[in-house]
Amino acid sequence: MEKKKDPIITLMRSVAIILVVLQHALKYSTNQTMFSFAKVCYAIDVNVFFFISGYLFEGKKSNYMGKNVPRFIIKKTKELLIPYFSWSFLIYFGVYFAYIIPGMERILEKIGFERFTVQEI
């Protein structure tokens with residue numbers, strides 16, 4: 001039996017996707033109004049996705065967690081945090097070492113990377 005999709009959740013996801021696209025499109029706008037709108041989109045878009053995830057997870061929590069909460073936490077740590085930190089490490093050091101290559105700093109800045117220090121993170 002096919003599960004019915006909640007139209008409210010579908011609408012919220014659609015709005016959040018549009019906000020993410022607008023935020024990325026307007027992020028570098030020179031028009032102050034558009035730039036301000038991009039900042040508003042930035043404040044809302046990802047939060048909507050977190051809200052939807054939490055709402056959907058709460059309804060199915062017993063299916064995910066069962067009776068063994070520590071095992072659930074360990075499993076989610078392996079599935080989410082290990083890949084997150086691995087990719088963060090690779091990207092951080094990839095960009096860091098790319099700045100060592102002559103002329104690469106100018107290329108990276110053109111595509112949106114900015115030089116930063118560990119204290120700024």
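How exposed is Phe93, in relative accessible area? Phe93 is partly exposed, at 30%. Here buried means under 20% relative accessible area, exposed over 50%, and partly exposed in between, with a 1.4 Å probe and protein chains only.

1. **Basis.** This is a predicted model: local features need pLDDT of at least 70, side-chain atom pairs count only at pLDDT 80 or more, and totals for chains, interfaces and linings use all residues. Residues are numbered from 1 along each chain as its sequence is written, and side-chain values use heavy atoms, with hydrogens and water left out.

2. **Overall make-up.** The protein chain has 5 helices and 0 strands. Its pattern along the sequence is α-α-α-α-α. Helices (H or I, at least four residues) and strands (E, at least two) are DSSP runs, numbered from the N terminus. Of the 121 residues in the protein chain, 13% are buried.

3. **Helix 1.** Helix 1 covers residues 7-26, which is 20 residues. From first C-alpha to last it reaches 28 Å, close to the 28 Å expected at 1.5 Å a residue. The expected span is 1.5 Å times one less than the number of residues. Ile9, Ala16, Leu19, Gln23 and Leu26 are buried in helix 1. Seen down the axis, the buried residues of helix 1 fall within an arc of 135°, so they line one face. That arc is taken from the directions from the helix axis to the C-beta atoms. The face turned away from the buried side carries exposed Pro7, Leu11, Ile18, Val21 and Ala25.

4. **Aromatic pairs.** Rings of Phe, Tyr and Trp (its six-membered ring) pair if their centres lie within 6.5 Å; planes under 30 degrees apart count as stacked, over 60 as edge-to-face, and the rest as tilted. By this rule there are 3 aromatic pairs. In one of them, Tyr84 and Phe85 have ring centres 5.1 Å apart and planes at 70°, so the pair is edge-to-face. Tyr84 and Phe85 are both exposed. Tyr92 and Phe93 also make an edge-to-face pair, with 4.9 Å centre to centre and 85° between the planes. Phe89, Tyr92 and Phe93 form one aromatic cluster.

5. **Nonpolar surface patch.** A nonpolar patch on the surface is formed by Trp87, Phe89, Leu90, Ile91, Phe93, Tyr96, Phe97 and Ile100. Together they have about 910 Å² of accessible area. Patches take residues with over 30% relative accessible area and no salt bridge: like charges are joined within 9 Å, nonpolar side chains (Val, Leu, Ile, Met, Phe, Trp, Tyr) within 5 Å. Areas come from the Shrake-Rupley method with a 1.4 Å probe; for residues, only the protein chains shown count as cover. Ile100 sits in the loop between helix 4 (69-98) and helix 5 (104-110). Ile100 is exposed, with a relative accessible area of 57%.

6. **Salt bridge.** A salt bridge is a side-chain nitrogen of Lys or Arg within 4 Å of a carboxyl oxygen of Asp or Glu. The count is 1. The side chains of Lys75 and Glu79 meet in a salt bridge, at 3.9 Å from N to O. Both lie in helix 4, 4 residues apart, about one turn of the helix. Lys75 is partly exposed at 47% relative accessible area, and Glu79 is partly exposed at 39%.

7. **Helix 5.** Leu108 is in helix 5. Leu108 counts as buried, at 8% relative accessibility. Leu108 and Ala98 are 10 residues apart in sequence, with their C-alpha atoms 8.4 Å apart in space.
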